[in-house]
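Hi,

Here is the structure I promised to pass on. Have a look at it first, and then read on for what turned up.

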Amino acid sequence: MKRLLLAALLVLSGCGLDVNSALPYEVLPGSIKPDQALQGVEITVGSKDFTENILLGYMAEMALSAAGADVIDLTDLKGSQTARQALVNAEVDVTWEYTGTGWINYQGNELPVPGGEQAQYDAIKKADLEKFGIEWLAYSPLNDQYAFAVTEAYGEQHGLRSTSDMAAFLTQNPDQAVFCLETEFTSRQDGFPAAQRVYGFPTTEVKNFGIGTIYSAIAGGTCPVGEVFTTDGRIAAQKLRVLEDDKKAFPQYNVAPTVRAEFLKRYPQIRGPLEQVSAALTNEQMIELCRQVDVDGKDAGMVARDWMVSKGFISTA
């Protein structure tokens with residue numbers, strides 16, 4: 001049944017992977033050792049369709065493979081809702097999720113949880129288990145937040161350092177209120193609507209792009225302002241200035257492995273390998289890994305594997 005569900009999901013998502021897609025990289029144990037309880041256990045790992053989450057998906061696959069599991073690769077599912085429903089519906093077993101995304105988009109809340117990273121994590125962990133039977137493992141220091149960005153030259157010309165600066169400038173210059181945004185960010189409640197509600201800036205025009213093309217669109221002058229992920233390596237490559245979210249419109253977005261509670265109860269041994277990887281991640285490291293993929297053109301799986309080897313989690317032949 002699970003393979004039939006996976007086949008249907010692949011058709012809908014258009015991700016192009018075969019149902020039996022195995023991990024395409026040879027992985028040997030390092031500090032993550034084989035666990036007899038995971039030998040031969042089939043675990044399907046999914047991810048969303050942007051570079052950081054794909055990298056995280058590969059890292060999870062390699063960690064679980066080193067621990068002895070038979071991993072099925074289902075990275076690059078199209079959109080947050082597709083990846084989430086795949087987990088809830090037992091079409092995948094492990095995904096990486098962001099605390100703010102879970103709280104706003106999946107739980108239906110309008111406002112972030114006050115009190116910082118731990119408070120946001122505690123709230124989504126409790127709510128997701130109670131409502132959807134989803135367990136959040138320990139969250140990572142990696143906190144990939146939404147932000148607006150402009151070119152360094154444009155920011156310097158108009159004195160833009162924060163989103164409040166941007167809002168004041170656009171109110172006085174509404175002809176400049178043209179935004180490059182990805183489609184999902186335009187409508188999701190923790191995205192553009194949240195920023196408009198908190199900062200009250202005008203919107204003259206929204207141009208929708210894939211997240212990978214927004215950076216060059218901002219740099220090329222297609223839009224004065226655009227949406228970025230703060231851990232994206234293309235920010236520095238395109239010489240963009242990230243505007244501080246000074247009024248905290250966007251939630252915390254610490255990333256954590258998520259699994260169904262019933263699956264974790266059957267295979268509690270997956271917690272250790274996944275949480276080892278989670279604890280080792282930082283914003284600075286992810287910026288560099290994303291840069292290697294999106295700027296240097298390296299293969300995401302190879303970049304993830306090299307990082308896992310550098311941390312000693314796995315080894316290669």
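**Where α2 meets α14**

On the α2 side, Thr51, Glu52, Leu55, Leu56 and Met59 make contact with Met286, Leu289, Cys290, Val293 and Asp294 of α14. Sorted by class, the residues in this contact are 7 nonpolar, 1 polar and 2 charged. Before going further, please keep in mind that this is a predicted model.

How do the two helices sit relative to each other? Two packed helices are described by the angle between their axes and the distance between the axes. Here the axes of α2 and α14 come within 10 Å and cross at roughly 105 degrees. Angles of 65 to 115 degrees count as roughly perpendicular, so α2 and α14 are roughly perpendicular to each other. One of the α14 residues in the contact, Cys290, has a relative accessible area of 2%, so Cys290 is buried.

**Helix α15 and what follows**

Next comes α15, which spans residues 300-310. Its buried residues are Ala300, Gly301, Val303, Ala304, Arg305, Trp307 and Met308. What do they pack against? Their partners are α2 (51-66), α13 (271-280), α14 (283-294) and β12 (314-315). That brings α2 and α14 back into the picture, as both are among the elements that the buried residues of α15 pack against.

Both ends of α15 have something to look at. At its start, Asp299 places a side-chain oxygen within 3.1 Å of the backbone nitrogen of Gly301. After the helix comes Gly312, with a positive phi near 80 degrees.

Lys311 belongs to the loop between α15 and β12. Its relative accessible area is 38%, so Lys311 counts as partly exposed. Setting aside neighbours within four places in sequence, Lys311 touches Ala280 and Gln285.

**The disulfide**

How many disulfides does a search of the whole structure find? It finds 1, formed by Cys180 and Cys223, with their sulfur atoms 2.1 Å apart. The torsion about the S-S bond is about 85 degrees, so this disulfide is right-handed. Cys180 lies in strand β7 (residues 178-182), while Cys223 is in the loop between α10 (211-219) and β9 (225-229), so the bond ties together parts that are 43 residues apart in sequence.

Are the two cysteines buried or exposed? Buried means under 20% relative accessible area. Cys180 is at 0%, so it counts as buried, and Cys223 is buried too, at 1%.

**A buried serine**

You will find it in the loop between β5 (134-136) and β6 (146-151). Its relative accessibility is 0%, so Ser140 counts as buried. What does its side chain reach? A polar atom of the Ser140 side chain lies 2.7 Å from the backbone oxygen of Ser278. Leaving out residues up to four places away in sequence, Ser140 touches Asn254, Val255, Ser278 and Leu281.

**Some lysines to check**

Most residues other than glycine have a negative phi. Lys239 is not a glycine, yet its phi is positive, at about 60 degrees. Lys239 sits in the loop between α11 (234-237) and β10 (240-243), and its relative accessibility of 60% makes it exposed.

Lys248 also has a positive phi, near 55 degrees, in a residue other than glycine. Its place is the loop between β10 and β11 (255-260). With a relative accessible area of 57%, Lys248 is exposed.

Finally, Lys131 is found in helix α5 (residues 117-132). Its relative accessible area is 52%, so Lys131 is exposed. From Lys131 to Gln276 the C-alpha to C-alpha distance is 27 Å, and the two are 145 residues apart in sequence.

Over to you!

How values were computed. Residues numbered from 1 in each chain as written. Predicted model: local features only at pLDDT ≥ 70, side-chain atom pairs only at ≥ 80, totals over all residues. Heavy atoms only, no water. Disulfide = S-S within 2.5 Å. Helix = DSSP H or I, 4+ residues; strand = E, 2+ residues; numbered from the N terminus. Buried < 20%, exposed > 50% of the residue type's maximum accessible area, 1.4 Å probe, protein only. Contact = heavy atoms within 4.5 Å. Polar contact = N/O pair within 3.5 Å; in protein donor to acceptor, adjacent residues only side chain to side chain. Axes fitted to C-alpha atoms, helices over the stretch in contact; angles between N-to-C directions. Parallel < 35°, antiparallel > 145°, perpendicular 65-115°, else oblique. Nonpolar A, V, L, I, M, F, W, Y, C, P; charged D, E, K, R; others polar.
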